[in-house]
Amino acid sequence: MIYLFTSFMSAIFSVPYVGTQKKLLDHIFKPVHIRSKDIFYDLGSGDGRIVFYIKKTHDAQTYGVEFNPFLYVFSQIINKGLYHSKAHFIYSKVQVVDLSHANIIYVFLLPKLLKLLAPKIMAECKRGTVVVSHGFKIESFEKLLYKEAKGKQFNTYYYRL
Ligand SMILES: C[S@@+](CC[C@H](N)C(=O)[O-])C[C@H]1O[C@@H](n2cnc3c(N)ncnc32)[C@H](O)[C@@H]1O
């Protein structure tokens, strides 16, 4: 059902939509040691699966930022219906959202957008903020890389500012 819905939206928007595989989430986030006082952002949150996973498993403050109105509304419906609005979703382009409160950021975005986002993250986020990039390296963060996890399809890159 969700697959049909997201495929339909991708076709309309001509934007590729591929969510992080749910079975990989424990593996991806185990090295991050997320605590309930952390402020977690998924930039390009898709159907909200990462935000819901982090809320459920770590009870951190969680924010998803999504510019596709269908995906935004879909995650809000799930959020209000299933999770009673404990997560937050922001309908916005990731390029303009305020990141100054985040201390953990997750991205599964194309390199072109990562290149645009990197200076914004550097300028707005505190020292110590962890950035997890699934799928693609953030080239300008090369010196900040502290871990790389190999995956069957995608590697995951862990940076600390
Ligand atoms: C590869 S999907 C990842 C979804 C989710 N983070 C996950 O891992 O399951 C990328 C998402 O980023 C969104 N996106 C792409 N460019 C964006 C932008 N400039 N601002 C906000 N969202 C964007 C897409 O609509 C899509 O939902």
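This is a predicted model: local features need pLDDT of at least 70, side-chain atom pairs count only at pLDDT 80 or more; totals for chains, interfaces and linings use all residues.

Trainee: Which residues of helix 3 are buried?
Mentor: The buried residues of helix 3 are I50, V51, F52, I54 and K55. They pack against strand 1 (39-43), strand 2, helix 4 (69-82) and strand 4 (104-107).

Trainee: Why is E66 called buried?
Mentor: A residue is buried if 20 or more other C-beta atoms lie within 10 Å of its own. E66 has 26 such neighbours inside 10 Å, so E66 counts as buried.

Trainee: Where is E66 placed, and what does E66 touch?
Mentor: E66 is in strand 2. Leaving out residues up to four places away in sequence, E66 touches G44, S45, G46, L71, Y72, S75, F89 and Y91.

Trainee: What makes a set of residues a nonpolar core?
Mentor: The members must be buried residues of the nonpolar kinds listed for a core, joined through C-beta atoms within 7 Å. The largest set here that passes has 34 residues, and Y41, L43, I105 and V131 have the most contacts inside it.

Trainee: Which residues is L43 in contact with, beyond its neighbours within four places in sequence?
Mentor: L43 is in contact with V65, V94, I105, V107, L109 and L117. In soluble globular proteins, nonpolar side chains tend to be buried together.

Trainee: Which residues come nearest to the ligand?
Mentor: Of the 22 residues around the ligand, G19, T20, G44, G46 and F67 come nearest. Helix 3 (49-58) and strand 2 (61-66) are the elements that give two or more residues to that shell. By kind, the shell divides into 11 nonpolar, 7 polar and 4 charged residues.

Trainee: How do you know that the radius of gyration of the protein chain agrees with a compact globule?
Mentor: A compact globule of 161 residues would have a radius of gyration near 15 Å, and the protein chain has 15 Å, so the two agree. The C-alpha trace spans about 40 × 35 × 30 Å along its principal axes.

Trainee: How many helices and strands does the protein chain have?
Mentor: The protein chain has 5 helices and 7 strands. From the N terminus on, their order is α-α-β-α-β-α-β-β-α-β-β-β.

Note on methods. Residues are numbered from 1 along each chain as its sequence is written. A residue is buried if 20 or more other C-beta atoms lie within 10 Å of its own, exposed if 12 or fewer, and partly exposed in between; C-beta atoms are placed from the backbone. Two residues are in contact if their C-beta atoms, placed from the backbone, lie within 7 Å. A residue is near a molecule or strand if its C-beta atom, placed from the backbone, lies within 6 Å of it. Helices (H or I, at least four residues) and strands (E, at least two) are DSSP runs, numbered from the N terminus. Ala, Val, Leu, Ile, Met, Phe, Trp, Tyr, Cys and Pro count as nonpolar, Asp, Glu, Lys and Arg as charged, and the others, Gly among them, as polar. The radius of gyration is taken over C-alpha atoms; the globule rule is 2.2 Å times the number of residues to the power 0.38.
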